[in-house]
Number of protein chains: 2
Amino acid sequence: MATKVLPQPEREEIRVEAVLQALGEPVRLTIVRALADNPAGVCCGEIELPVTASTRAHHLKTLREAGVLSTHTDGTRRISILRREDLEALYPGLLTGILSAKQ
Amino acid sequence: MATKVLPQPEREEIRVEAVLQALGEPVRLTIVRALADNPAGVCCGEIELPVTASTRAHHLKTLREAGVLSTHTDGTRRISILRREDLEALYPGLLTGILSAKQ
DNA sequence: TCACTAGTTCGATCGTCATCGTACTACGAT
DNA sequence: ATCGTAGTACGATGACGATCGAACTAGTGA
């Protein structure tokens with residue numbers, strides 16, 4: 001089945017501006033919250049979003065390139081996982097703070 | 001001298017999307033870092049920025065309306081202060097995480 | 001009163017990006 | 001092989017926002 005990890009920045013390549021800009025978009029923040037609720041990873045299509053599939057793919061790419069999430073293939077599906085460890089190492093408390101928002 | 005506080009959202013009116021969007025802009029992040037280094041407040045013009053005065057005013061307004069900083073008049077000057085307490089109460093760890101970034 | 005200084009506001013411009021539809025790729029099942 | 005499903009890539013469009021200059025406001029000091 002040869003799962004494959006999609007290209008993403010190394011931990012030391014992650015820039016805080018990119019992370020914040022990625023998180024500062026409502027749809028993407030929804031995605032991040034969904035990923036936070038599912039540490040095992042989520043299939044992109046499972047997250048309910050008010051946008052089409054192509055827009056969804058665009059946001060996932062943005063989040064991946066910013067270093068917020070990691071994506072690996074699983075057959076025809078793509079599983080995304082929040083890069084908690086990396087983000088916590090770089091910006092301790094940031095993720096927790098964001099997720100603690102009462103929305 | 002009657003200093004006056006410029007209009008800003010109450011703590012419970014602050015939205016995490018607005019905060020993250022405000023912080024996800026390089027110039028504004030520079031401003032926030034400068035404010036973090038000066039808990040007593042900073043006069044807008046003192047922060048070295050690669051933009052004109054009007055753009056600077058625009059960014060300060062954005063940050064104020066997002067609830068990131070507070071501004072009060074002091075004669076002809078305007079002093080801005082990071083709303084650390086409010087942000088820490090709403091999103092504990094967020095600010096610390098961002099500021100701990102090695103840039 | 002009359003400048004001078006600090007800063008805002010307004011309108012215009014320009015770039016970026018969120019969104020969409022369509023076409024495409026890749027995997028799985030029949 | 002063929003079809004269906006999951007998702008991406010591309011090109012176009014429209015909206016938002018970063019930027020600027022110019023005009024304006026307000027406080028300070030001569």
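Start by selecting chain A and chain B together: 19 residues of chain A are in contact with 19 residues of chain B, contact meaning heavy atoms within 4.5 Å. This is a predicted model, in which local features need pLDDT of at least 70 and side-chain atom pairs count only at pLDDT 80 or more, while totals for chains, interfaces and linings use all residues. Residues are numbered from 1 along each chain as its sequence is written, chains are lettered from A and ligands numbered from 1 in the order in which they are written, and side-chain values use heavy atoms, with hydrogens and water left out.

**Stop 1: between the two protein chains**

The size of an interface is often given as the accessible area lost when the parts come together. Here the area buried between chain A and chain B is about 1,500 Å², and carbon and sulfur atoms give 70% of that. Buried area is the accessible area (1.4 Å probe) that two parts lose on being put together, summed over both.

Now select A:E17, A:L20 and A:G24. These residues supply 29% of the area that chain A buries against chain B, more than any other three residues.

Next, color the helices of chain A. Helices (H or I, at least four residues) and strands (E, at least two) are DSSP runs, numbered from the N terminus. On the side of chain A that touches chain B, α1 (16-23), α2 (26-37) and α5 (94-99) of chain A each supply at least two residues. With five residues, α1(A) gives the most to that side. The residues there divide into eleven nonpolar, six polar and two charged. In this scheme Ala, Val, Leu, Ile, Met, Phe, Trp, Tyr, Cys and Pro count as nonpolar, Asp, Glu, Lys and Arg as charged, and the others, Gly among them, as polar.

How many salt bridges are there between chain A and chain B? The count is zero, a salt bridge being a side-chain nitrogen of Lys or Arg within 4 Å of a carboxyl oxygen of Asp or Glu.

**Stop 2: DNA strand C**

Of the 19 residues around DNA strand C, A:R28, A:H59, B:C43, B:A57 and B:T76 come nearest. Which part of the strand faces the protein? Of the atoms of DNA strand C within 4 Å of the protein, 77% belong to sugar or phosphate and the rest to bases.

- A:R28 has an N or O atom in its side chain 2.9 Å from a phosphate oxygen of DNA strand C.
- A:T52 has a polar backbone atom 2.9 Å from a phosphate oxygen of DNA strand C.
- A:H58 has a polar side-chain atom 3.1 Å from a phosphate oxygen of DNA strand C.

Then show α3 (53-66) of chain A: α3(A) provides the largest share of the surface near DNA strand C, four residues. The residues of this surface divide into six nonpolar, ten polar and three charged.

**Stop 3: DNA strand D**

Move to DNA strand D, which 21 residues surround; the closest are A:C43, A:A57, A:T76, B:R28 and B:H59. Sugar and phosphate account for 77% of the atoms of DNA strand D that come within 4 Å of the protein.

This time zoom in on chain B:

- The side chain of B:R28 has an N or O atom 2.9 Å from a phosphate oxygen of DNA strand D.
- The backbone of B:T52 has an N or O atom 2.9 Å from a phosphate oxygen of DNA strand D.
- The side chain of B:T55 has a polar atom 3.1 Å from a phosphate oxygen of DNA strand D.

With four residues, α3(B) gives the most to the surface near DNA strand D. That surface has six nonpolar, eleven polar and four charged residues.

**Stop 4: a salt bridge within chain A**

The structure holds six salt bridges over all chains. To see one of them, select A:E46 and A:R77, whose closest N and O atoms are 3.9 Å apart. A:E46 lies in the loop between β1 (42-43) and α3 of chain A and A:R77 in strand β3 of chain A, so the pair ties together parts that are 31 residues apart in sequence.

Terms used. Near = heavy atom within 4 Å. Polar contact = N/O pair within 3.5 Å; in protein donor to acceptor, adjacent residues only side chain to side chain.
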